[in-house]
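Subject: Structure for you to look at

Hello,

Here is the structure I promised to pass on. Please open it first, and then read the notes below it.

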Amino acid sequence: MGKKEIIRKAEELVEKAMSGNDASHDAAHAFRVRDLALSLAHEETLSTSPDSILIVELAALLHDIGDYKYIRDPSEAKIVEEFLQGQGIEEGMKIKILNIIKGMGFKEEVGGLANTNYSIELGVVQDADRLDAIGAIGIARCFTFGGSRHRVLHDPRIEPRSYLSKENYMNKEEQTTVNHFHEKLLKLKDLMKTKAGKKRAEKRHKFMEDFLKEFYEEWDGRA
């Protein structure tokens with residue numbers, strides 16, 4: 001099967017599998033991450049390897065299918081693997097794609113154990129996903145997700161957690177939406193893997209810092 005047909009079917013799967021998600025993790029998010037990942041891959045000179053580009057594009061498109069935050073049935077965890085098998089993706093390439101998806105989440109590095117043994121393809125896809133989590137779109141996604149879970153917008157009495165393990169990061173029951181900036185989003189700039197990702201993250205990070213300064217001034221009646 002040709003690459004264009006595989007990508008078309010992957011896009012269709014994304015639309016179907018993510019249709020029930022809120023707008024912070026919908027198909028548009030996956031498509032933005034795909035576009036960012038391909039752009040970063042070009043800057044990182046991966047465009048000379050057709051196999052690497054296919055790995056990057058498929059991993060970026062499929063990375064949030066079966067996400068623990070939205071999974072409704074245990075069988076959903078196998079959707080991506082079954083899709084890749086059904087498209088006749090070569091075993092080595094399939095393993096690389098699945099490993100990228102498995103290893104790219106923030107929860108895997110949240111305890112301060114940054115992943116130093118990673119492929120350039122993982123770095124590109126992970127950076128693209130993290131870029132979509134910060135900046136203007138990141139702010140919009142953060143409040144969209146918080147609203148979908150009926151979280152408190154902000155409560156000065158609830159401090160951001162200074163230490164996070166994988167387990168308590170995944171349990172956000174007591175946290176506010178604004179605290180998510182301090183617990184995750186403001187940390188992403190320094191976790192970027194690629195030169196291209198680090199460069200783009202600077203502007204988006206500054207935008208969030210300016211937003212939070214204004215937010216706190218407005219919250220306290222100072223602006």
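Lys213 is exposed, as its relative accessible area is 52%. The labels for accessibility are set by cut-offs: buried is under 20% relative accessible area, exposed is over 50%, and partly exposed is in between, with a 1.4 Å probe and protein chains only.

Before going on, note that this is a predicted model, in which local features need pLDDT of at least 70 and side-chain atom pairs count only at pLDDT 80 or more, while totals for chains, interfaces and linings use all residues. Residues are numbered from 1 along each chain as its sequence is written, and side-chain values use heavy atoms, with hydrogens and water left out.

Salt bridges

Side chains of opposite charge can pair when their charged atoms come close. Here a salt bridge is a side-chain nitrogen of Lys or Arg within 4 Å of a carboxyl oxygen of Asp or Glu. By this rule the model has 18 salt bridges.

One of them joins Lys213 to Glu217, with 3.0 Å from N to O. Both residues lie in helix H10, 4 residues apart, which is about one turn of the helix. Helices are DSSP runs (H or I, at least four residues), as strands are (E, at least two), and they are numbered from the N terminus. The side chains of Glu217 and Lys213 also make a polar contact at 3.0 Å. That term stands for a pair of N or O atoms within 3.5 Å; within protein, one must be able to donate a hydrogen and the other to accept it, and residues adjacent in sequence count only if both atoms are side-chain atoms. Leaving aside neighbours within four places in sequence, Glu217 is in contact (heavy atoms within 4.5 Å) with Arg222 and Ala223.

Glu43 is partly exposed at 42% relative accessibility, and Arg200 is partly exposed at 27%.

A further salt bridge is formed by Lys94 and Glu91, at 3.3 Å from N to O. These two residues are 3 residues apart in helix H5 (residues 91–103), which puts about one helical turn between them. Is Lys94 buried or exposed? Lys94 is buried, with a relative accessible area of 5%, whereas Glu91 is partly exposed at 45%.

Helix H1 (residues 3–17) packs against helix H2 (residues 27–43) at an angle of about 145°, and their axes are 9 Å apart. The axes are lines fitted to C-alpha atoms, for helices over the stretch in contact, and angles run from 0 to 180 degrees between N-to-C directions. Which residues make the contact? On the H1 side they are Ile7, Glu11, Val14 and Glu15, and on the H2 side Ala27, Ala30, Phe31 and Arg34. By type, the contact has 5 nonpolar residues, no polar ones and 3 charged ones. In this count Ala, Val, Leu, Ile, Met, Phe, Trp, Tyr, Cys and Pro are nonpolar, Asp, Glu, Lys and Arg are charged, and the others, Gly among them, are polar.

Two loop residues with positive phi

Most residues other than glycine have a negative phi. Thr45 is not a glycine, yet its phi is positive, about 60°. Thr45 sits in the loop between H2 and helix H3 (50–62) and is exposed at 57% relative accessibility. His150 likewise has a positive phi, near 55°. The loop that holds His150 runs between helix H7 (135–148) and helix H8 (166–170), and His150 is exposed at 73%.

A buried loop residue and an exposed helix residue

Ile65 is in the loop between H3 and helix H4 (79–86). With 10% relative accessibility, Ile65 counts as buried. Apart from neighbours within four places in sequence, the contacts of Ile65 are Leu13, Val14, Ala17, Met18, Ile79 and Val80.

Lys4, in helix H1, is exposed, with a relative accessible area of 78%. How far apart are the C-alpha atoms of Lys4 and His29? They are separated by 20 Å, and the two residues are 25 residues apart along the chain.

Regards
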